Amino acid sequence: MSETIAAISTALGEGAIGIVRLSGSEAFAIADKIIKLPKDKKIKNIDSHTINYGHVINPENKEKIEEIMLVKMAAPKTYTCEDIIEINCHGGIVTIQKILQLCLDNGARLAEPGEFTKRAFLNGRIDLSQAEAVIDFIKSKTTEASLLANNQIQGRLSSLIKKLRAEILDIIAVVEVNIDYPEYDDLEIETTKTILEKSVSIKESLENLLETSKQGKIIKEGLNTAIIGRPNVGKSSLLNNLLQENKAIVTDIAGTTRDVLEEYVNIKGVPIKLIDTAGIRDTEDVVEKIGVERSREVLKQADLVLFLINSNEKLTDKDKELLKLTEDKQTIIILNKLDLETKIDITEVESLGYNHPIIKTSMTTYQGIEDLEKSIRNLFFEGKTKPKDATYLSNTRQVNLITRALESLNEAINAAQAGLEVDMVLIDYTKTFNLLGEVIGENTSEELINELFSRFCLGK
Ligand code: GDP
């Protein structure tokens with residue numbers, strides 16, 4: 001029997017409603033100690049999955065703490081598969097903490113971050129990939145990201161992994177038959193043919209998964225974007241235009257050592273994370289901001305470079321020097337100040353521009369901004385599957401596991417093709433099977449599970 005846990009499940013701050021959640025076998029009993037329902041009804045006697053009016057009372061001195069609505073949800077059809085009580089009180093930090101304290105004083109333990117979801121996993125309601133998607137869902141910054149996370153919560157990745165594991169199990173069965181009846185030579189040839197056919201389709205699925213995960217990462221984490229260019233070409237004007245048109249989502253990354261503000265803009269479904277916006281805005285630090293070294297540093301972290309050039313001037317050596325830095329980067333060249341006379345030689349830009357797409361804009365008349373946004377979107381989504389149709393891996397843990405699974409599958413295929421002993425081949429298939437299992441939390445170490453759930457917010 002696990003301990004009953006309690007936590008504040010809503011964000012701490014002033015709000016219309018705050019929720020304290022209890023989960024565990026003692027949830028109803030604890031709530032009965034601190035909550036008074038009309039006509040002295042007992043929580044254990046009211047229907048499950050109902051919401052009820054009542055008051056939180058301090059059992060020590062009978063002080064009425066707050067008027068509340070209580071949700072009773074009896075196991076197993078609950079988030080954690082355990083008995084759950086949710087106490088809805090007025091938002092505000094003082095009372096809600098008082099209510100939580102009463103729960104703790106009356107037998108509950110403070111939940112660790114993510115412990116409710118961890119219990120849903122340990123009790124078998126969701127698998128690990130679904131639990132991870134819950135974090136993604138909470139942290140989503142765009143509709144696409146939340147759609148993707150939701151697909152995964154619904155078990156899209158899980159069912160694909162289960163299907164592939166079942167197919168590998170079939171292969172293992174075929175190989176084992178061969179080990180059991182080694183005297184049939186024919187069978188061996190037949191075995192190799194069958195397992196190779198089956199392996200190829202599994203291999204394709206794993207490769208697809210790794211390919212779409214790159215797109216998934218962008219949808220989820222945003223595209224690190226650097227705005228680069230000489231002084232006065234219009235970098236901060238571009239930044240401001242992007243921020244104005246596409247409301248910035250500023251996030252304070254709590255709990256990380258990077259105590260910085262990150263600005264995201266949602267550009268046609270692509271979350272763009274602007275790097276070094278301080279550097280662009282900090283007009284006093286002109287020398288620093290134009291430094292090639294500085295640009296090089298910023299470029300290192302960039303997935304996308306927006307490279308600005310002033311079309312009202314001839315291409316300068318500095319432009320060329322900076323342009324050189326973008327050789328290996330996904331870059332869009334922006335010829336800005338289109339409203340002024342064009343003095344730049346566009347063919348020269350084309351010849352030096354590593355085939356980067358070129359967009360003409362004016363930050364003062366807003367010409368070309370729409371083209372730029374489309375170009376950003378096309379760079380990452382053109383011809384690729386739409387987020388709602390795809391199955392994604394949601395983090396590096398999953399990507400690593402699938403990469404390793406693919407490696408051992410390739411080894412198995414090579415071994416089978418080379419005509420190695422079938423029991424040798426079996427080792428690699430078993431390894432692939434186990435690695436895929438880890439994606440959904442089978443054979444996953446307790447340590448890792450604890451680490452994963454600690455990334456959740458409190459009360460989830
Ligand atoms: P930064 O140094 O690259 O960040 O450039 P700014 O954005 O500060 O722009 C430098 C100057 O150019 C400012 O006076 C802007 O108003 C002006 N500017 C920026 N974009 C345009 C444009 O498209 N057309 C015109 N005419 N002026 C622009």
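**Close-up 1. Residues around the ligand.** Around the ligand there are 16 residues, of which Asn-232, Ser-236, Ser-237, Asp-339 and Met-363 come nearest; a residue is near a molecule or strand if one of its heavy atoms lies within 4 Å of it. The structure is a predicted model in which local features need pLDDT of at least 70 and side-chain atom pairs count only at pLDDT 80 or more, while totals for chains, interfaces and linings use all residues. Residues are numbered from 1 along each chain as its sequence is written, and side-chain values use heavy atoms, with hydrogens and water left out. By residue type, the shell around the ligand holds four nonpolar, seven polar and five charged residues. Here Ala, Val, Leu, Ile, Met, Phe, Trp, Tyr, Cys and Pro count as nonpolar, Asp, Glu, Lys and Arg as charged, and the others, Gly among them, as polar. Helix α8 (residues 235–245) supplies the largest share of this shell, three residues. Helices (H or I, at least four residues) and strands (E, at least two) are DSSP runs, numbered from the N terminus.

**Close-up 2. Polar atoms facing the ligand.** A nitrogen atom of the ligand lies 3.1 Å from a polar side-chain atom of Asn-336. In the side chain of Lys-337, an N or O atom is 3.0 Å from an oxygen atom of the ligand. For Ser-362, an N or O atom of the side chain is 3.4 Å from an oxygen atom of the ligand. The ligand taken alone exposes 570 Å², and the protein buries 74% of that. Accessible areas come from the Shrake-Rupley method with a 1.4 Å probe; for residues, only the protein chains shown count as cover. A polar contact is a pair of N or O atoms within 3.5 Å; within protein, one must be able to donate a hydrogen and the other to accept it, and residues adjacent in sequence count only if both atoms are side-chain atoms.

Close-up 3. Thr-364 is placed in the loop between β14 and α14. The side chain of Thr-364 makes polar contacts with the side chain of Asp-339 at 3.2 Å and with the side chain of Ser-362 at 3.1 Å. Thr-364 counts as exposed because its relative accessibility is 59%; buried means under 20% relative accessible area, exposed over 50%, and partly exposed in between (1.4 Å probe, protein chains only). Between Thr-364 and Ser-237 there are 127 residues of separation in sequence and 8.2 Å in space, C-alpha to C-alpha. Tyr-366 lies in the loop between β14 (358–360) and α14 (369–381). The phi of Tyr-366 is near 65°, a positive value in a residue other than glycine. With a relative accessible area of 44%, Tyr-366 is partly exposed.

**Close-up 4. Thr-331 in strand β13.** Strand β13 (residues 331–336) includes Thr-331. A polar atom of the Thr-331 side chain lies 2.9 Å from the backbone oxygen of Lys-329. Thr-331 has a relative accessible area of 1% and is therefore buried.

**Close-up 5. Charges over rings.** Lys-72 lies over the face of Phe-28, at 4.8 Å from the ring centre. Arg-165 lies over the face of Phe-433, with a distance of 4.0 Å from the ring centre. A charge sits over a ring if NZ of Lys or CZ of Arg is within 6 Å of the ring centre and within 35 degrees of the ring normal.

Close-up 6. The peptide bond from Ala-75 to Pro-76 is cis, with omega near 5°. Pro-76 belongs to the loop between β5 (64–73) and β6 (84–90). Asp-40 is found in the loop between β3 (35–36) and β4 (50–57). Its phi is near 50°, a positive value in a residue other than glycine.

Close-up 7. Gln-215 is in helix α7 (residues 185–221) and counts as buried at 5% relative accessibility. Gln-215 and Phe-380 are 165 residues apart in sequence, with 7.3 Å from C-alpha to C-alpha. Ile-171 is in helix α6 (residues 156–180) and is buried, its relative accessible area being 0%. Ile-171 and Leu-196 are 25 residues apart in sequence and 9.1 Å apart in space, C-alpha to C-alpha. Lys-300 is in helix α11 (residues 292–300) and counts as exposed at 60% relative accessibility. The C-alpha atoms of Lys-300 and Asn-224 are separated by 10.0 Å, and the two residues are 76 residues apart along the chain.
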